[in-house]
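Reader: I have a model open in my viewer and would like to learn how to read its features. Could you walk me through them?

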Amino acid sequence: MKMWKLGHGKQLQHRLQSAIVNGARRLQSQTKAITDADAEPEYPAIKDLSFKARKEQIAVDWHEELRQVPTIEEKLIKVNMPRYYGYKVVQLTDKQIPYNALGLTQHYTRTKLEEVPVKGKEEATTTDQKQLESFVQTARGDLIDALEFSHDYYSNQPGSQAVDPITKEQELTQIIVEQVNRAILQVLQGDCPHLLDVEVDYNPRHEAFWAVGGVEPPKNVVSSKKGRDWQKDDANDKVVDRLVQYTGSPYLSLRHHQQLQPWKSPEESNNIEEAKKLPRYTHDARTLGYNCTHQHAVNVPGYWPNVGGSITSFSNFGLISFQSRAHLATKSFARDSKELQDALHALGIQSSYAWLLAQANYNGFNTYNDITYPMNTQTIITNGREWSFYEYQLNTLLQHSRHVDENPRLNFCRGTAPLPLYGEISASGKVVDFNEAALNQLIAFYVNSPVISRSTEDLQPYVQSQLLDYDNVEQREFIQKTVQHLSSKRPRHLELPEIYLWEKIYKIDHKTRPMEARRRYFERDINPWRRTLDQHDLTYVPRAVRPGGRKNREGRFKKTYYP
């Protein structure tokens with residue numbers, strides 16, 4: 001028995017020695033196979049773990065999640081996911097242009113303005129100029145008839161003289177714009193085939209949402225950071241983005257399925273030195289008279305996404321929009337031609353930028369995911385008699401956080417001073433002093449043909465699929481309904497909880513009720529503004545229509561399909 005144990009121990013020792021030898025041989029063979037490149041160790045990148053760096057990384061990750069969302073409708077929902085009650089936004093509208101708003105508008109849209117001098121009538125030399133001159137002469141009579149008809153129709157309407165000046169100007173201008181557009185389309189459609197494909201929208205809804213950096217932080221943010229030792233140094237740091245929501249409704253807009261030709265080269269559009277020269281308005285927008293409100297992010301260029309067949313044949317690009325200037329007639333600064341001109345420039349810039357931004361959202365881009373190609377449009381601001389003409393080229397959407405300083409790309413807008421289309425309407429209803437220079441500029445906008453056509457991959461590089469491709473009918477209906485509900489701006493069925501005055505006095509400022517049960521949200525450290533879009537009660541499914549039978553408890557509530 002003793003000899004057997006000894007033999008068994010030697011056997012185990014022999015096996016151990018063999019394993020060591022074989023392991024050494026394998027290690028030696030693997031070591032010989034290592035190349036010089038692999039011999040150098042590769043270490044992971046060292047991450048900055050400071051609070052500021054972690055917040056920036058969280059924002060970058062969320063922007064990447066937004067880019068990876070497959071459909072356009074889900075992208076519109078994804079932007080609103082962090083806020084159930086909406087964001088605090090600066091309201092820009094086409095009906096409110098405060099005094100000295102041009103600098104703020106250029107900052108908030110990252111736009112360089114170029115004023116085009118008004119030229120008189122010149123002799124046509126090139127073929128295009130001669131053709132344009134022939135169009136002007138052909139359309140001149142029809143335009144005069146349209147103007148005379150508009151004034152005659154408005155003057156014979158019952159109660160047309162009993163309205164306030166702004167409403168009166170809007171109603172008259174609406175008639176003039178519609179008649180002028182009808183007359184020009186009838187004259188030019190035979191010689192300009194692209195006008196046969198345009199879609200005309202009357203009083204469309206134009207809304208856009210974006211983020212702007214480089215603005216002083218609010219006082220509550222500064223005081224909050226100063227109250228924390230580890231954030232004192234960053235209290236006045238201009239990294240707090242201001243969210244902007246534009247709302248407008250032009251008289252009329254024309255859309256086409258192809259894009260206008262850019263009039264700025266990529267080298268001019270990508271110029272960090274010019275970007276640094278743009279005006280900066282670092283103060284709060286409320287110092288100029290703008291208002292702030294809470295609402296969801298809404299992007300609507302006048303129509304719903306993917307309505308009308310294939311992507312490449314859908315009229316998703318703006319050609320011309322006609323804006324109102326009636327609200328400027330009652331402004332005190334409108335008496336000064338320079339101040340009025342700056343207000344018109346501000347209106348032309350913000351309306352053009354917002355319309356193009358909303359169109360970009362319908363192609364898969366947004367304020368956090370930049371466009372990959374330029375977009376152009378033409379804007380006309382008029383009161384029926386005087387007409388201002390603007391051309392806008394959108395090159396970038398990134399102007400939030402650090403991009404306001406580091407983004408080399410900028411947008412461009414060039415516009416004219418107001419041009420009178422006619423002098424007045426005589427007592428007999430005839431047009432006096434008709435201006436062919438203004439008509440020449442108006443015809444040039446219609447003749448400008450959109451010629452750029454892109455493939456689906458180039459047009460929507462961040463869109464992976466369409467909503468109609470989803471097989472689940474319930475999912476399609478949920479997404480479509482959610483998008484329309486967010487765009488409607490309807491308030492939530494439960495209002496935002498408030499702090500009553502007696503609670504502010506006796507519970508917050510002076511803690512005089514220590515024995516009372518803590519049931520209010522501010523006593524439980526709950527921030528209602530941090531409630532996300534999907535934090536709500538599910539819709540109950542009655543037993544009679546419940547899938548799987550009346551006793552199926554798993555289908556008691558409808559499913560949600562938030563991105």
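Reader: Which ring does the charged end of arginine 414 sit over?

Author: Happy to start there. A charge sits over a ring if NZ of Lys or CZ of Arg is within 6 Å of the ring centre and within 35 degrees of the ring normal. Here the ring belongs to tryptophan 263, and the charged end of arginine 414 is 4.1 Å from its centre. Arginine 492 also lies over a ring face, that of tyrosine 84, at 4.3 Å from the ring centre. Before we go on, a word on the ground rules: this is a predicted model, where local features need pLDDT of at least 70 and side-chain atom pairs count only at pLDDT 80 or more, while totals for chains, interfaces and linings use all residues. Residues are numbered from 1 along each chain as its sequence is written, and side-chain values use heavy atoms, with hydrogens and water left out.

Reader: Thanks. How many aromatic pairs are there?

Author: A pair of aromatic rings is described by the distance of the centres and the angle of the planes. The rule used here takes rings of Phe, Tyr and Trp (its six-membered ring) with centres within 6.5 Å, and calls planes under 30 degrees apart stacked, over 60 edge-to-face and the rest tilted. The count comes to 18 aromatic pairs. In one of them, tyrosine 353 and tyrosine 392 have ring centres 6.5 Å apart and planes at 75°, so this pair is edge-to-face. Since tyrosine 353 belongs to helix α11 (residues 337-361) and tyrosine 392 to strand β11 (residues 386-394), the pair ties together parts that are 39 residues apart in sequence. Helices (H or I, at least four residues) and strands (E, at least two) are DSSP runs, numbered from the N terminus.

Reader: Are those two tyrosines buried or exposed?

Author: Buried means under 20% relative accessible area, exposed over 50%, and partly exposed in between (1.4 Å probe, protein chains only). Tyrosine 353 is buried at 0%, and tyrosine 392 is buried at 0%. Phenylalanine 365 and tyrosine 373 form an edge-to-face pair too, with 5.6 Å centre to centre and 80° between the planes. Phenylalanine 365 is buried at 1%, and tyrosine 373 is buried at 5%. Ring pairs also link Tyr84, Tyr85 and Trp529 into a cluster.

Reader: How many salt bridges does a search of the whole structure find?

Author: A salt bridge is a side-chain nitrogen of Lys or Arg within 4 Å of a carboxyl oxygen of Asp or Glu. The search finds 28. Among them, lysine 264 meets glutamate 114 at 2.9 Å, N to O. This pair links distant parts of the chain, 150 residues apart: lysine 264 is in the loop between β6 (252-256) and α9 (266-269), and glutamate 114 is in strand β2 (residues 111-115). Lysine 264 is buried at 15%, whereas glutamate 114 is partly exposed at 22%. Arginine 409 and aspartate 370 meet at 2.5 Å, N to O. Arginine 409 is partly exposed at 24%, and aspartate 370 is buried at 10%. There is also a network of salt bridges linking Lys507, Arg513, Glu516 and Glu523.

Reader: In what order do the 5 strands of the open sheet lie?

Author: Strands of a sheet pair through backbone hydrogen bonds, either parallel or antiparallel. Two strands count as paired if DSSP finds at least two bridges between them. The order is β7-β1-β5-β4-β8, with mixed pairing. Strands β7 (291-295) and β8 (300-301) stand at the edges with a single partner strand each, so one side of each has no neighbour in the sheet. Strand β1 (residues 87-93) pairs with β7 in the antiparallel sense over 5 bridges.

Reader: Where is lysine 489, the residue with a positive phi?

Author: Most residues other than glycine have a negative phi. Lysine 489 has a phi near 65°, and its place is the loop between α15 (473-488) and α16 (501-509). Aspartate 525 has a positive phi of about 60° and is exposed at 74%.
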